[in-house]
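Here are my notes on this model, as numbered points. Please read them with the structure open.

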Amino acid sequence: MKDKLRGFLFVSLLLLLSAAAHAVPFTMREIAPKDEEYLKKSLPRLFSEPDVALFDEAIRVLMTRGSYENIFVEKRPNGSFEIIGKPLRTVEEIHFSGNSEISESSLRELIDFKIGDRFDRKRAVAAGEKMKNYYGEHGFFNTVIELNFQKAESKNIRLMFNIDEKAPCKVKGLEFVTANTDLRTLLNSHFKWLRNKPLTTERIHELTQDLDSLLIDRRYMASEVVGPDARYNPEKTAAYLQIDVREPYKYEFYFSGNLLFTTADVYHGLDLKNRERKNVDPSSEGSERLRRAYLDKGFPHVQIDTKVVNPKGTYLKRVYYSIHEGPRVRIRAIEVQGRAS
């Protein structure tokens, strides 16, 4: 009887040793208790008979929980294994320092994430680049933005944007290149406000729009603007702008023969301040607009002769319209023929 008992104990010991030899001991680190409980329910064999295949399945199960950036299994020197989780980190704080010319609210609008969102290093770096470009649009070409990632006690991330704005780039020179000296004097006087102002994208846009409007208002209707081109000092704190104005001819309009059109009607038809021009020749375009105005008023036989005179040695073009209105046609009656069903 004792021999049988000894044999039974010996076999049991062998089975235990065999199971221990095949089982892979492991621990877990940085895995949330609730996820560990979920793992026990989903893969109970992992905790009784762990092996490499079950480790792979455990990683898949834990990653579906959506709480981890990464999960991996690490083998220890003693032969045991450890399942290590890298929990998702969120943005705990967004802090700005050093900004005085650009408001914090403007900078925050450039960031496409908010506090509490999942931390993404690439998006944070891209936000810093947006800020630098935004400073450049406002004339600060030398701004330095340093981005620091600080770990909070919660293991989430504080984003620290340290800004060194440096000096803005200012317009120190504005040159209008044109053969028309009268036009050059006009432009220099009109745009003197721009000198010593920061060179911003908005200001350049304002300059070009204002220049186009001024040329049309003063009847430089065929002028072409090229530029502005900019040169900078080595530090990029001073900008020197150059704008070319070609075809700097001023147009004057004269007309005769208008009997049923008043002077105001003719000018309204010419529409001289219309900035949308389909013809590079203002005299021809004016003639066509005036003809359409007459047609709209019931003058189907109107004829307009055009003559352009450029006085010698001047940048002036005088346009003469000789108008032959013809009879005005009115509809006295409309007769409808045919069956009405």
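Predicted model: local features only at pLDDT ≥ 70, side-chain atom pairs only at ≥ 80, totals over all residues.

1. H6 covers residues 121-137. From first C-alpha to last, the 17 residues of H6 reach 25 Å, close to the expected 24 Å at 1.5 Å a residue.

2. Look at both ends of H6. At its start, a side-chain oxygen of Asp120 comes to within 3.0 Å of the backbone nitrogen of Lys122. After H6 comes Gly139, with a positive phi near 90 degrees.

3. Three strands make an open sheet with mixed pairing, in the order E4-E6-E5. E4 and E5 are the edge strands, each pairing on one side only. Direction ignored, neighbouring strands are turned by 15 degrees against each other on average. H6 packs on this sheet and touches E4, E5 and E6, with its direction at about 155 degrees to that of E5.

4. E5 (144-151) and E6 (157-164) run antiparallel, joined by eight bridges. Within this pairing, Glu146 has Asn162 in E6 as its bridge partner.

5. Which residues have the most contacts inside the largest nonpolar core? They are Phe96, Leu107, Ile111, Phe113, Met131, Leu159 and Phe161, in a core of 20 residues. Strand E4 (91-97), H6, E5 and E6 each give two or more residues to this core.

6. Setting aside neighbours within four places in sequence, Phe96 contacts Glu104, Leu107, Arg108, Ile111, Met131, Phe161 and Ile163.

7. Now turn to another sheet. It is open, has three strands in the order E10-E12-E11, and its pairing is mixed. Its edge strands are E10 (250-256) and E11 (303-309), and each pairs on one side only. Here neighbouring strands are turned by 20 degrees on average, direction ignored.

8. E11 pairs with E12 (residues 316-324) in the antiparallel sense, over seven bridges. Ile304 stands opposite Ile323 in E12. Helix H9 (residues 263-270) packs on the sheet, where it touches E10 and E12, and its direction makes about 135 degrees with that of E10. Helix H10 (residues 282-296) lies across E10, E11 and E12, running at about 25 degrees to E12.

Notes
Residues numbered from 1 in each chain as written. Heavy atoms only, no water. Pairing = 2+ DSSP bridges. Helix = DSSP H or I, 4+ residues; strand = E, 2+ residues; numbered from the N terminus. Axes fitted to C-alpha atoms, helices over the stretch in contact; angles between N-to-C directions. Contact = heavy atoms within 4.5 Å. Core = buried A, V, L, I, M, F, W, Y, C linked by side-chain atoms within 4.5 Å. Buried < 20%, exposed > 50% of the residue type's maximum accessible area, 1.4 Å probe, protein only. Expected span 1.5 Å × (residues − 1). Polar contact = N/O pair within 3.5 Å; in protein donor to acceptor, adjacent residues only side chain to side chain.
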